[in-house]
Amino acid sequence: MRGTISVRVRHARVADLPHVAQLAAEHAAYEKAAPPPADLARRLQALLFDTEQPRLRCFVAELDDGEIIGYASCAPELSTWDGAEYLHMDCLFLREGHRGLKVGPMLVQAVVTEARQLGLGQVQWQTPPWNTDAIRFYDRLGAQATEKRRYSLVAD
């Protein structure tokens, strides 16, 4: 790894989407999940850029040389229990070899800042229970954990 690393976090651009799709594939492999669809970059473009009021937001962590090493994505959601909206951080991923360099907190801060700009008072997310490194990271940030399982049904 480089001696000195300079990283900036910014909103994703259309040209970044193939890189984000590759990172999403690495993220899925890391979490032992099915790979994303082959046309993920196109789908993300439709959600992020091809609509007048996009719900999805995406941030990338970029090295000085332009290499994208991580991403975070989020979208506004709502809680019936709280009667309030919040920002759901769907993904946070850093490429192997770039973890532990303070880039994760930069991505989380970008999501928190986005929540504030949207007038939302909370950010929520989940992580697999086996991902102890992520759990330690989130605990160090001061995040509060809740026990739940995530389910899904195919609606086709």
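**Overall fold, cores and salt bridges of the predicted model**

Lysine 102 is placed in the loop between E4 and H3, where helices (H or I, at least four residues) and strands (E, at least two) are DSSP runs numbered from the N terminus. The model is predicted, so local features need pLDDT of at least 70 and side-chain atom pairs count only at pLDDT 80 or more, while totals for chains, interfaces and linings use all residues. Residues are numbered from 1 along each chain as its sequence is written, and side-chain values use heavy atoms, with hydrogens and water left out.

Lysine 102 is not a glycine, yet has a positive phi of about 75 degrees. Most residues other than glycine have a negative phi. At 63% relative accessibility, lysine 102 counts as exposed; the classes are buried (under 20% relative accessible area), exposed (over 50%) and partly exposed (in between), with a 1.4 Å probe and protein chains only. A positive phi, near 55 degrees, is also found at lysine 32. This residue lies in the loop between H1 and helix H2 (40-48) and is exposed, with a relative accessible area of 67%.

The protein chain contains four helices and five strands, which follow one another along the sequence in the pattern β-α-α-β-β-β-α-β-α. Its radius of gyration is 16 Å, close to the 15 Å that the globule rule gives for 156 residues, so the chain is as compact as a globular protein of that length. The radius is taken over C-alpha atoms, and the rule is 2.2 Å times the number of residues to the power 0.38. Along the principal axes, the C-alpha atoms fill a box of roughly 45 × 35 × 35 Å. Of the 156 residues, 37% count as buried. The accessible surface comes to about 10,300 Å², of which 52% belongs to carbon and sulfur atoms; areas come from the Shrake-Rupley method with a 1.4 Å probe, and for residues only the protein chains shown count as cover. Among contacts (heavy atoms within 4.5 Å) between residues at least 6 apart in sequence, 58% join residues at least 24 apart.

A nonpolar core is defined as a set of buried Ala, Val, Leu, Ile, Met, Phe, Trp, Tyr and Cys residues joined through side-chain atoms within 4.5 Å. The largest such core has 22 residues, and those with the most contacts inside it are Leu87, Leu92, Val103, Leu107 and Val111. Two or more residues each are given to this core by strands E2 (57-63), E3 (68-79) and E4 (84-94) and by helices H3 (103-117) and H4 (132-141). The largest share, six residues, comes from H3. With residues up to four places away in sequence not counted, valine 103 touches Val7, Ala61, Ile69, Leu94 and His98. A second, separate core of 16 residues includes Leu40, Leu44, Leu48 and Val60.

Eleven salt bridges are found in a search of the whole structure, each defined by a side-chain nitrogen of Lys or Arg within 4 Å of a carboxyl oxygen of Asp or Glu. One of them joins arginine 95 to glutamate 26, with the closest N and O atoms 2.7 Å apart. Arginine 95 lies in the loop between E4 and H3 and glutamate 26 in helix H1 (residues 17-30), so the pair ties together parts that are 69 residues apart in sequence. Glutamate 26 is partly exposed, at 23% relative accessibility. Arginine 95 also meets glutamate 67 in a salt bridge (3.8 Å, N to O). This pair links distant parts of the chain, since glutamate 67 is in the loop between E2 and E3, 28 residues from arginine 95. Glutamate 67 is partly exposed, with a relative accessible area of 28%.

Within helix H4, aspartate 133 and arginine 136 are three residues apart, so about one helical turn separates them. These two residues form a salt bridge in which the closest N and O atoms are 2.3 Å apart. Both are partly exposed, aspartate 133 with a relative accessible area of 46% and arginine 136 with 44%. Elsewhere, salt bridges that share partners join Arg8, Arg10, Asp16 and Glu62 into one network.

Glutamate 77 lies in strand E3 and counts as partly exposed at 32% relative accessibility. Not counting residues up to four places away in sequence, glutamate 77 touches Arg55, Ala84, Glu85, Tyr86 and His88. The C-alpha atoms of glutamate 77 and alanine 29, 48 residues apart along the chain, are separated by 26 Å.
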